Amino acid sequence: MNLEDIIKETKTYYCLECGKCTAVCPVSRHNSNFSPRFMLERALMGFGDELIHDRELFSCLTCYACSHLCPSDVDYPVFTQKVRNLASSQGEHGDCTHSGILFSLMKLISRSDIKQKRLDWLDGCRTSQRSEVLYFVGCAPYFEPVFQDIEVSPVNIARNSIKILNALGIEPMVLPNERCCGHDLLWTGDIETFKKLAQLNAQMIKESGAKKIVFSCPEGYRTFKLDYPQYVELDCEPVHITELLAQNLSTLSLRAKRSNPEVKRVTYQDPCRLGRHLGIYEPPREIIRAIPGIKLVEMEHSGDESICCGTSVWTNCSSYSKQIREERLLEARATGAEMLITACPKCQIHFKCAMVDKGAEKGPDIKMEVMDLVNLVANAMET
Amino acid sequence: MAEFEPKIIAFCCNWCTYAAADIAGTSRIHYPANVRIVRVMCSGMVDPIYILKAFEMGADGVLIAGCHEVDCHYLNGPLKCDAMFEKIKSVVNTLGLESERLRREMIAAAEAPIFAELIEEMVKQLKKLGPSPLREGVKV
């Protein structure tokens, strides 16, 4: 796909140069070198080459804050995705975080001969060999050792998700050799490896006979729901665990912690994939409100105005990312909430990372408990 | 068909294991030629990406070898290496690789015969295991 096709597909021609995108962009607020409007203008004015070799191309969080406000409905995140693909075919790439191990892992997982051992954490969960429902675990088993230093446990989220499904009377299948969904590869321009992963996953899911796939990770959910249909045939319905929970709240018995009768104030961070990408704002809030002993308070920017956690697709994490995070955490603290709830493991990783950073200017002011929504529900089920 | 010859990438610390490998050479100790040594200044500088990249590019086994804890030129390199190794071992295990494919050893500068024995042992084990499942599509 060349730049002209990308411009047509994402309706960039309709740009009014109003600058709402740059005004609302969380990156532009801190990083004056990055501006969605400037990026689009360069594509339209025939400076495509300059655009492709601009290192800020990989700074976009693809959080959809810009396109959400755009009066002409220009799809800037998809524009970014496709231009990154062009750029990566010319040898350009962003700065990988964690020295690139996560991208190396994605590539290794795409090799067809591997036999992963990714399910040794299933104790206490009831799963079945044959079921209509499949639980997509995602990267949790790989994230677990990598992020143990900042006390994030994605495997715990996966375990609790299955326990919640069990409580709803579902014994899901899990794929023993499930592949990475490829979300991060797609959004950094490596469409070749993404396609390979998509085909491997689609094949396995077809063989498993699943009719419904449950996700606890918004990125996997988005990828299966919006991106996979463009590349592979998928004959089942993806659903996020918050949607499933919100529909079946009455079947769960949720209780407040007996040890701590005081009402706890919590606030909710909308993950961009779940919120602006897929429009799921209410189900997570319904769930939080249904838990006794917990009061949901909203941040200054919430729902479709919510601000991203500062980094996406493990690329270009910079001091600006840290500033975005600090600002968001200050906003969360300002609500008086004791706990920040999110529905995406990556949000949790990014916020926790900002808190343990010894160089952070705001230091103690941004410390607060961060928890995944799934874990919050699981805790309320146990007590 | 010729017998399978595994490829081992060894990250050896400049002060101990690299010296041991050097002495093994100058003392004419025989050991298999399947190992490719990458000299690093300290085992503590080996990053997880080095290991994954080696597997990505078709290595059948990876060895990280450096000083014993008390010998480190930089005080605590081996401890850093151990902490890193624990993490990456778990990741590599999840990928489905056998534990013999990734090893962490401590070999002092004077322990040339131990280095030669280790390589011999690794090659034997890797020959039994066969090519790495991650090798697909990589010409080695």
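By class, the lining of the largest pocket in this predicted model has 13 nonpolar, five polar and six charged residues. Here Ala, Val, Leu, Ile, Met, Phe, Trp, Tyr, Cys and Pro count as nonpolar, Asp, Glu, Lys and Arg as charged, and the others, Gly among them, as polar. The space in that pocket comes to about 440 Å³. Of its 24 lining residues, His98(A), Val146(A), Phe147(A), Asp149(A) and Lys87(B) are the closest to the centre. Helices H16 (319-334) and H17 (345-356) of chain A and helix H3 (77-94) of chain B are the elements that give two or more residues to the lining, and H3(B) has the largest share, with six residues.

A word on terms: a pocket is an open set of points on a 1 Å grid over the protein atoms alone, where a 1.4 Å probe fits and protein lies on both sides within 12 Å along at least five of seven lines; lining residues have an atom within 4 Å of a point. Points are joined across faces, edges and corners, and the volume is the space filled by probe spheres set on them. Helices (H or I, at least four residues) and strands (E, at least two) are DSSP runs, numbered from the N terminus.

On to the second largest pocket, with a volume of about 310 Å³. Its lining has 18 residues, with His93(A), Cys96(A), Phe103(A), Lys107(A) and Thr188(A) nearest the centre.

Now for the strands, which pair if DSSP finds at least two bridges between them. Chain A has an open, parallel sheet of four strands in the order E5-E4-E6-E7. E5 (294-296) and E7 (369-372) of chain A stand at the edges with a single partner strand each, so one side of each has no neighbour in the sheet. Within this sheet, E6(A) (residues 339-342) pairs with E7(A) over four parallel bridges, and Leu340(A) has Val370(A) as its bridge partner.

Over in chain B, E1 (residues 8-13) and E2 (residues 35-40) pair in the parallel sense over six bridges, with Ile9(B) opposite Arg36(B).

Residues are numbered from 1 along each chain as its sequence is written, and chains are lettered from A in the order in which they are written. In this predicted model, local features need pLDDT of at least 70, side-chain atom pairs count only at pLDDT 80 or more, and totals for chains, interfaces and linings use all residues; side-chain values use heavy atoms, leaving out hydrogens and water.
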